[in-house]
Amino acid sequence: TAWSPMLFIRGRISIGFKLNSSKPSRIVIEYQYYPSTGAIQYVDVFYSDEKLQLKIESDPEMMKNIDNYLRKVLNKRSARLQKAI
């Protein structure tokens with residue numbers, strides 16, 4: 001089954017980080033994913049604390065790693081969806 005170019009999956013993912021503190025920090029990303037093109041549109045991003053936000057937004061490599069992680073998760077999910085159809 002081919003994906004329609006207009007079909008997208010809207011979702012939210014939460015990723016935990018352990019910064020040098022006792023409590024874990026989290027980033028929550030709300031996204032739209034277009035399986036036909038592999039494009040991800042970031043709808044909103046929430047940070048549990050300012051320290052995490054500064055760390056991520058000031059480090060392009062960390063932002064790239066988060067994007068790659070999200071792509072990997074979404075590719076697995078869309079592959080499972082295609083098998084189910």
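First, the ground rules. The model is predicted: local features need pLDDT of at least 70, side-chain atom pairs count only at pLDDT 80 or more, and totals for chains, interfaces and linings use all residues. Residues are numbered from 1 along each chain as its sequence is written, and side-chain values use heavy atoms, with hydrogens and water left out.

Now the fold. The chain has two helices and three strands. Helices here are DSSP runs of H or I with at least four residues, strands are E runs of at least two, and both are numbered from the N terminus. The order along the sequence is β-β-β-α-α. Of the 85 residues, 32% are buried. Buried means under 20% relative accessible area, exposed means over 50%, and partly exposed is in between, with a 1.4 Å probe and protein chains only.

Next, salt bridges. How many does the structure hold? Three. The criterion is a side-chain nitrogen of Lys or Arg within 4 Å of a carboxyl oxygen of Asp or Glu.

Look at glutamate 30. Its side chain meets that of arginine 10 at 2.9 Å, N to O. Glutamate 30 is in strand β2, arginine 10 is in strand β1, and they are 20 residues apart. Glutamate 30 also bridges to arginine 12, with the closest N and O atoms 3.0 Å apart. Here too strand β2 meets strand β1, so the pair ties together parts 18 residues apart in sequence.

Is glutamate 30 buried or exposed? Buried, because its relative accessibility is 15%. Arginine 10 is partly exposed at 45%. Arginine 12 is exposed at 53%.

On to helix α2. Aspartate 67 and arginine 71 form a salt bridge at 2.8 Å, N to O. Both lie in this helix, four residues apart, about one turn. Aspartate 67 is buried at 17% relative accessibility, while arginine 71 is partly exposed at 29%.

Last, the rings. There is one aromatic pair. Phenylalanine 8 and tyrosine 34 have ring centres 5.5 Å apart and planes at 45°, so the pair is tilted. Rings of Phe, Tyr and Trp (its six-membered ring) pair if their centres lie within 6.5 Å; planes under 30 degrees apart count as stacked, over 60 as edge-to-face, the rest as tilted. Phenylalanine 8 sits in the segment before β1 (9-17), and tyrosine 34 in strand β2 (residues 25-34), 26 residues apart. Phenylalanine 8 is partly exposed, at 38% relative accessibility.
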